[in-house]
Amino acid sequence: MGIVSFTFDDFPYSAAVGAADILDAHGIKGTFYLSPGLINRIIPGIEDKPSTHAEIMKVTNKGHEIGFHSRKHLRLNELGYFDVAKQMFQGSQIKKYTGRKAVSFSYPFGCTYPKRFDMIARLLGYKTTRGIDFGVNKVSDRYDLNAVAIYEHKISLKIIEALLKSLKPDEWMILYTHDVRDNFSKYGCSEFFFKQIVEMVVESQMEILALEDVVHPKKDL
Ligand SMILES: [Zn+2]
């Protein structure tokens with residue numbers, strides 16, 4: 001059985017509130033990548049209602065995974081090694097919300113230079129890194145993972161359906177988006193669109209897992 005993951009970058013308010021509820025209704029755990037520099041701030045071009053401590057705790061308490069999306073959401077490829085490492089170093093930034101360190105990292109703006117950035121990610125203890133290159137992965141892949149954007153103006157349900165149908169048992173499709181709301185940005189989608197995708201994935205019988213659960217499968221007790 002193939003694996004599908006739902007992920008969100010930047011922790012937009014509407015993802016934390018509306019989209020998380022849609023996942024909850026199906027018992028699905030998503031991965032929400034948080035950049036502390038964006039907390040309590042309007043995310044330019046994405047959403048003008050900021051996520052606060054309350055939204056982060058809501059998502060955390062529902063059992064979703066909180067990944068790290070760098071400290072200040074800068075373009076890492078414009079920085080030197082030392083500053084890249086500083087941006088990727090999470091300290092207690094995630095632990096203070098969830099009680100444990102994030103093991104999943106996504107690159108801001110999808111800026112990936114796999115050779116050097118993934119080396120830093122491994123050294124910092126991340127078990128996976130995700131970019132925004134279009135494609136699916138092998139279930140055994142861990143770094144510089146490909147993804148499929150749920151950007152409503154760019155992708156159709158038919159494409160998602162075709163990708164799902166062609167997903168092999170050893171393959172892993174990581175979906176990602178930002179805001180999920182009626183007046184969605186060009187990096188997001190509507191709740192209706194998102195809901196249709198969730199239902200399609202549920203019906204596909206694929207395994208649906210947060211990234212940390214792909215890396216460390218939960219054992220049945
Ligand atoms: Zn981002």
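1. Two strands, β5 (128–134) and β7 (145–149), each contribute at least two residues to the lining of the largest pocket; strands here are DSSP runs (E, at least two residues), numbered from the N terminus. The model is predicted: local features need pLDDT of at least 70 and side-chain atom pairs pLDDT 80 or more, while totals for chains, interfaces and linings use all residues. Residues are numbered from 1 along each chain as its sequence is written, and side-chain values use heavy atoms, without hydrogens and water.

2. The largest pocket is lined by 25 residues, with I132, Y151, Y176, H178 and Y187 nearest its centre. A pocket is an open set of points on a 1 Å grid over the protein atoms alone, where a 1.4 Å probe fits, with protein on both sides within 12 Å along at least five of seven lines; lining residues have an atom within 4 Å of a point. Its volume is about 500 Å³, taken as the space filled by probe spheres set on the points.

3. The second largest pocket holds about 180 Å³ of space. It is lined by 15 residues, and H64, E65, I66, R100 and E212 are the closest to its centre.

4. The zinc ion is coordinated by D10 (OD), H69 (NE2) and H73 (NE2) at 2.0 to 2.1 Å. Donors are N, O and S atoms within 2.8 Å of the metal (3.2 Å for Na, K and Ca); water is not among the atoms, so the site may look incomplete. The donor spacing in sequence is D-x58-H-x3-H.

5. H69 counts as buried because its relative accessibility is 1%, and H73 counts as buried at 13%. Buried means under 20% relative accessible area (1.4 Å probe, protein chains only).

Note on methods: Helices (H or I, at least four residues) and strands (E, at least two) are DSSP runs, numbered from the N terminus. Buried means under 20% relative accessible area, exposed over 50%, partly exposed in between (1.4 Å probe, protein chains only).
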